[in-house]
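Here is a quick tour of a structure, going from the way its chains pair up down to a few local details. Have the model open and follow along.

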There are 2 protein chains.
Amino acid sequence: MGATGAVGQQMKEQLEKRNFPIKDIVFLSSSRSAGKEIEFNGKTYTVQEAKPESFEGIDIALFSAGGSVSEKFAPEAVKRGAIVIDNTSAFRMDKEVPLVVPEVNKEDLRLHKGIIANPNCSTIQMVCALQPLKELYGMSKVVVSTYQAVSGAGIDAINELKAQAADFDNAKDAEAKVLPVKSAEHHYPIAFNVVPQIDQFTANGYTFEEMKMINETKKIMHDDSLAVAATCVRLPVVTGHSESVYVELEKEATVDQVKQAMTNAPGVELMDDPSNQVYPMPLMTAGLDEVFVGRIRQDLDNPNGFHLWVVSDNLVKGAALNSVQIAEALIEENII
Amino acid sequence: MGATGAVGQQMKEQLEKRNFPIKDIVFLSSSRSAGKEIEFNGKTYTVQEAKPESFEGIDIALFSAGGSVSEKFAPEAVKRGAIVIDNTSAFRMDKEVPLVVPEVNKEDLRLHKGIIANPNCSTIQMVCALQPLKELYGMSKVVVSTYQAVSGAGIDAINELKAQAADFDNAKDAEAKVLPVKSAEHHYPIAFNVVPQIDQFTANGYTFEEMKMINETKKIMHDDSLAVAATCVRLPVVTGHSESVYVELEKEATVDQVKQAMTNAPGVELMDDPSNQVYPMPLMTAGLDEVFVGRIRQDLDNPNGFHLWVVSDNLVKGAALNSVQIAEALIEENII
């Protein structure tokens with residue numbers, strides 16, 4: 001569901017690349033995109049307009065077409081026997097819905113009642129890096145500042161950045177219609193700029209994106225007492241979110257121990273060699289599956305404090321790959 | 001000294017704009033730039049090659065031509081009776097040299113022995129926002145992640161960004177010769193990228209830029225026990241550094257009190273109205289004198305913790321303006 005969008009396309013590619021065991025597949029969309037053709041494993045499929053009965057006979061339904069579409073169609077799919085893996089924020093904080101990053105809390109899948117939520121992109125990559133540290137050393141506090149790519153706001157945002165970037169000398173007066181939030185009153189140029197707003201603001205002064213990172217991290221890591229604070233910022237990068245993460249552990253650790261934890265962590269790749277200028281950068285890791293971690297430093301004042309630089313492709317591990325991994329885990333764990 | 005560089009040009013403009021009381025002025029540079037002409041207050045001056053005797057009869061010498069030039073010529077200027085205001089890192093951590101942001105520690109000027117150091121750009125804007133909070137509520141901890149513009153690395157870095165940005169579709173393979181550090185072994189594209197390295201790495205895994213922010217903040221704010229941690233990151237922005245700052249106060253405060261402190265702070269402008277999408281962005285504040293603060297939020301777990309978004313032009317308040325303000329303070333306080 002949402003087959004023609006940026007994440008939908010990535011989902012299709014991940015299913016192909018990972019040889020997901022598929023007997024039959026149906027590509028769904030709104031009426032606007034219905035009729036388009038999609039190539040999948042060498043065959044051509046026509047995208048169909050989603051209707052409640054579209055989900056008859058479906059085992060697993062991957063949703064990525066916006067929260068209101070999920071709210072409307074996910075219950076219809078569940079009613080017809082499908083397990084829904086939903087990439088929107090519609091059900092993430094629902095107590096009845098597991099919110100899953102397979103490397104972190106695969107066991108929560110067993111609690112599903114039809115819908116499984118895929119976390120926010122910026123949350124997924126962070127918890128992949130944090131969970132191994134929490135398991136080994138305990139964790140009391142996380143402060144994250146993000147450096148997020150425009151692809152999280154869709155194809156229109158990518159095109160807007162491209163058009164603005166072409167006029168270097170008039171960046172300040174560039175036309176802006178999409179970012180920071182399409183439905184918001186004011187739009188600001190993103191090329192050669194930094195915009196400290198992702199999603200709308202909530203009443204407490206935090207944005208919804210920041211509250212997603214805070215609340216989802218606690219839910220996925222099963223720790224309501226974990227202190228999490230986030231500042232979410234949009235940058236002129238096409239794809240790949242970066243995060244400057246400060247974490248306080250409950251036990252003292254060394255930089256080497258933290259590096260070893262990252263080396264051992266599933267889905268994580270340590271990329272940390274300052275003497276050779278090796279650290280992750282979004283332009284170089286776009287399109288890759290892993291969560292890359294570098295710039296690991298012990299805090300100079302608190303031996304339990306560590307600073308990490310975490311980069312991953314927000315459309316891949318941050319969205320499509322994680323959804324497909326959830327589907328794979330359902331099979332591996334005999335849940336479906 | 002360093003009249004033809006990016007900061008030198010800004011110093012000239014600030015001296016003109018602020019009607020600095022000047023009887024005579026001499027523009028100095030290396031032999032390479034000597035002979036160029038500079039317009040100042042309607043007159044044309046020829047840039048002269050700096051020699052020790054260039055400083056005969058000079059009251060105030062503004063230096064911004066690199067650390068090695070300051071190390072060579074600043075003592076010569078002092079020997080001849082000048083007070084040197086040095087914008088390089090050469091003397092900043094020297095115990096005999098005051099490191100001054102006039103809004104924060106003007107009184108340190110009285111301790112000078114000929115040389116006064118201008119802090120690092122990313123430090124200056126942060127301490128302008130932090131000092132009023134420290135005075136009112138005490139301060140125990142600062143964690144900052146920066147979003148820094150390429151102009152801090154000079155004209156060559158700006159030109160490199162411009163050239164790379166013109167080829168959106170081949171950003172990953174763009175030619176890079178300047179950033180992250182001109183003298184470093186590896187260079188990476190900055191357009192559509194995020195590079196977590198500014199300056200070279202020190203042995204502890206922090207960069208020199210990060211250690212400057214940590215050490216200079218403690219020195220300027222007169223508090224060696226203040227815990228400061230920094231992660232410094234370069235972005236495809238021309239001018240204007242942004243900072244995501246988390247601060248822990250010793251006493252509890254409210255968001256309104258923190259906002260009021262920013263409103264009252266000299267050199268700081270509060271720009272914080274989330275409901276109208278008002279927050280500082282570097283593209284919009286480039287060229288302006290103030291340090292802009294927005295996105296002020298209380299931490300959700302620690303009532304003494306606050307998050308701030310601090311933006312200022314790294315060439316203006318971060319360099320040239322602060323140097324000229326130091327010169328003004330020397331006159332106002334009858335130190336010269």
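## How the copies relate

What rotation, and what shift along its axis, superposes chain B on chain A? Before the answer, one caveat: this is a predicted model. The rotation is 180°, the shift along the axis is 0.0 Å, and the RMSD of the superposition is 0.0 Å. The two copies are therefore related as by a two-fold rotation axis. Both copies also use the same surface, with 100% of the contact residues of chain B recurring in chain A.

## The interface between the chains

Now for the interface itself. On the chain B side, 67 residues are in contact with 67 residues of chain A. The size of an interface is often given as the accessible area lost when the parts come together. Here the area buried between chain B and chain A is about 5700 Å², and carbon and sulfur atoms give 62% of it. Within chain B, the residues that lose the most area to chain A are Phe192(B), Gln277(B) and Leu283(B); together they make up 12% of what that side buries.

Which elements of chain B each supply at least two residues of the side that touches chain A? The helices are α5 (155–165), α6 (208–220) and α8 (282–285), and the strands are β8 (139–147), β9 (227–231), β10 (241–249), β12 (291–298) and β13 (305–312). By class, that side of chain B has 40 nonpolar, 15 polar and 12 charged residues.

## Two domains in chain A

Chain A divides into domain 1, covering 6–118 + 319–333, and domain 2, covering 123–312. Taken over C-alpha atoms, the centres of the two domains of chain A are separated by 25 Å. In chain A, 20 residues of domain 1 are in contact with 14 residues of domain 2. The area buried between these two domains of chain A is about 1400 Å², with carbon and sulfur atoms giving 65%. On the domain 1 side, Leu99(A), Glu103(A) and Val104(A) lose the most area to domain 2, together 35% of what that side buries.

How many salt bridges does the rule find across the interface of domain 1 and domain 2 of chain A? It finds 2. Asp289(A) and Lys17(A) also meet through their side chains in a salt bridge, at 3.1 Å from N to O. Between domain 1 and domain 2 of chain A, the count of residue pairs in polar contact is 7, both residues being at pLDDT 80 or more. Helices α1 (6–17), α3 (102–105) and α9 (316–332) of chain A each supply at least two residues of the side of domain 1 that touches domain 2. That side of domain 1 of chain A has 8 nonpolar, 5 polar and 7 charged residues.

Over all chains, the rule counts 42 salt bridges. One of the pairs is Lys134(A) with Asp223(A), whose closest N and O atoms are 3.4 Å apart. This pair links distant parts of the chain: Lys134(A) sits in helix α4 (residues 121–137) of chain A, and Asp223(A) in the loop between α6 (208–220) and β9 (227–231) of chain A, 89 residues apart.

## Local details worth a click

A cis peptide bond joins Leu179(A) and Pro180(A), with omega about 5°. Pro180(A) lies in the loop between α5 (155–165) and α6 of chain A. In chain B, a cis peptide bond joins Leu179(B) and Pro180(B), again with omega about 5°, and Pro180(B) lies in the loop between α5 and α6 of chain B.

Asn19(A), in the loop between α1 and β1 (28–29) of chain A, has a phi near 50°, a positive value in a residue other than glycine. Finally, Val69(A) is found in helix α2 (residues 67–79) of chain A. Leaving aside its neighbours within four places in sequence, Val69(A) is in contact with Met1(A), Phe63(A) and Ala74(A).

Methods:
Residues are numbered from 1 along each chain as its sequence is written. Chains are lettered from A and ligands numbered from 1 in the order in which they are written. This is a predicted model: local features need pLDDT of at least 70, side-chain atom pairs count only at pLDDT 80 or more; totals for chains, interfaces and linings use all residues. Side-chain values use heavy atoms; hydrogens and water are left out. Contact means heavy atoms within 4.5 Å. Buried area is the accessible area (1.4 Å probe) that two parts lose on being put together, summed over both. Helices (H or I, at least four residues) and strands (E, at least two) are DSSP runs, numbered from the N terminus. Ala, Val, Leu, Ile, Met, Phe, Trp, Tyr, Cys and Pro count as nonpolar, Asp, Glu, Lys and Arg as charged, and the others, Gly among them, as polar. Domain bounds come from an automatic or database domain assignment. A salt bridge is a side-chain nitrogen of Lys or Arg within 4 Å of a carboxyl oxygen of Asp or Glu. A polar contact is a pair of N or O atoms within 3.5 Å; within protein, one must be able to donate a hydrogen and the other to accept it, and residues adjacent in sequence count only if both atoms are side-chain atoms. Copies are superposed by least squares on the C-alpha atoms of residues with pLDDT of at least 70 in both.
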